[in-house]
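Open the structure in your viewer and keep the selection panel at hand. This tour goes from one side-chain contact to the next.

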Amino acid sequence: MLHAVDTQPNVPTRHVVDRFQVVKENDWANALMEYCLANEIGLIIPTRHSDLAPLASSHSQFEENGIFIAISSEAIISTCTNRSKTYDFLKSHDFPTPLSFALISDSTDISEGNLPFIAKPICGSGSSGIHIVERLDRIPALANSGEYMGQRIAVGDEYTINCYLSRNGSCICSIPHKRIAVQNGESVQATTAKIPELLDLSNSIVSKLQGASGPINIQVFYPRETGKVAVIEINPRIGGGCPLADKAGGHFIEWLAQEYQDAKDLKPFSNLTDGLRMMRYQDAFFDFPSPRADSP
């Protein structure tokens, strides 16, 4: 049985699961545990970036109650959800990544030669809050609006590499796909691509993520003419390309259930379906909203 919880009642997810529960926003982690205990739920699979840190910090408490969270360690979550820390990690292991730098209001070390560049919130996901900076006079406004970092614009086609790491951190599977069309940072059209350079790079990256487990997706740019890959982000969760990875043979959800609930050891998988295309569309659900609390 598939359950889902949210802090808001009016979300489309409630129409595609067997049971749906609203939890209080200011105490949702404890409410989630109570819900799991009451419904004998043994596995939680996070899907939202903002939920990763609180779930990672509560991991041991959930496990003491027989509830497993398919999530990496707190250290890995901290590294991968902070773009500045991700950059430091990639540089420390000599992985190819575009030059990145802090944006502060009196930035004097950023020259015209750095333009244009991408300004990203240091803590964020997808395309939310991202700007292309073409003039130096835009830097103070961005710097004063929050914690931003600049990153040189990578060239080539954009790919996501969906990886699955076992509970002991072994890489079971890597499935790259080319991002053809994107909305709000998620792929709506994509094609699997069995590119040796991307497979080798992703395996090298996850081998250095000590404490990582479960689904990990790595964002890269890859110009085929030069083969010079540029890694831009690492997301320690299921991504928007998970349905495509599943259809291509990477059954991440099934593997999570086998590992965490059936205590099975997984074997490495490399026989992914190459050239498989995914095309998404939006659907609509209809219901009658609950009466307002102040209605007569």
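**Stop one: the aromatic rings**

Select W255 to begin. W255 counts as buried, at 10% relative accessibility. The model on your screen is predicted. Searched as a whole, the structure gives eight aromatic pairs. One of them joins Y164 and W255: the ring centres are 5.4 Å apart and the planes stand at 80 degrees, so this pair is edge-to-face. Now colour by secondary structure. Y164 is in strand 9 (residues 157-165) and W255 is in helix 9 (residues 252-260), so the pair ties together parts 91 residues apart in sequence. Is Y164 buried or exposed? Y164 is buried, at 0% relative accessibility.

With Y164 and W255, they form one aromatic cluster.

**Stop two: a charge over a ring**

Select R167 and F68. The charged end of R167 sits over the F68 ring, 4.8 Å from the ring centre.

**Stop three: salt bridges**

Side chains of opposite charge can pair when their charged atoms come close. How many salt bridges does a search of the whole structure find? The search finds seven.

Start with R48 and D6. They form a salt bridge, and their closest N and O atoms are 3.1 Å apart. This pair links distant parts of the chain, 42 residues apart: D6 belongs to strand 1 (residues 3-6), while R48 is in the loop between strand 3 (43-44) and helix 2 (52-57). R48 is partly exposed, with a relative accessible area of 36%. D6 counts as buried, at 11% relative accessibility.

Next, select D157 and K178. Their side chains meet in a salt bridge of 3.5 Å, N to O. D157 lies in strand 9 and K178 in strand 10 (residues 171-183), so the bridge ties together parts 21 residues apart in sequence. D157 is partly exposed, at 31% relative accessibility. K178 is partly exposed too, with a relative accessible area of 30%.

Stay with these strands and pick R179 and E158. Here the side chains meet in a salt bridge of 3.4 Å, N to O. R179 is in strand 10 and E158 in strand 9, so this pair ties together parts 21 residues apart in sequence. R179 counts as buried, at 13% relative accessibility.

**Last stop: a network**

Salt bridges with shared partners join D6, R48 and D51 into one network.

Terms used
Residues are numbered from 1 along each chain as its sequence is written. This is a predicted model: local features need pLDDT of at least 70, side-chain atom pairs count only at pLDDT 80 or more; totals for chains, interfaces and linings use all residues. Side-chain values use heavy atoms; hydrogens and water are left out. Rings of Phe, Tyr and Trp (its six-membered ring) pair if their centres lie within 6.5 Å; planes under 30 degrees apart count as stacked, over 60 as edge-to-face and the rest as tilted. Helices (H or I, at least four residues) and strands (E, at least two) are DSSP runs, numbered from the N terminus. Buried means under 20% relative accessible area, exposed over 50%, partly exposed in between (1.4 Å probe, protein chains only). A charge sits over a ring if NZ of Lys or CZ of Arg is within 6 Å of the ring centre and within 35 degrees of the ring normal. A salt bridge is a side-chain nitrogen of Lys or Arg within 4 Å of a carboxyl oxygen of Asp or Glu.
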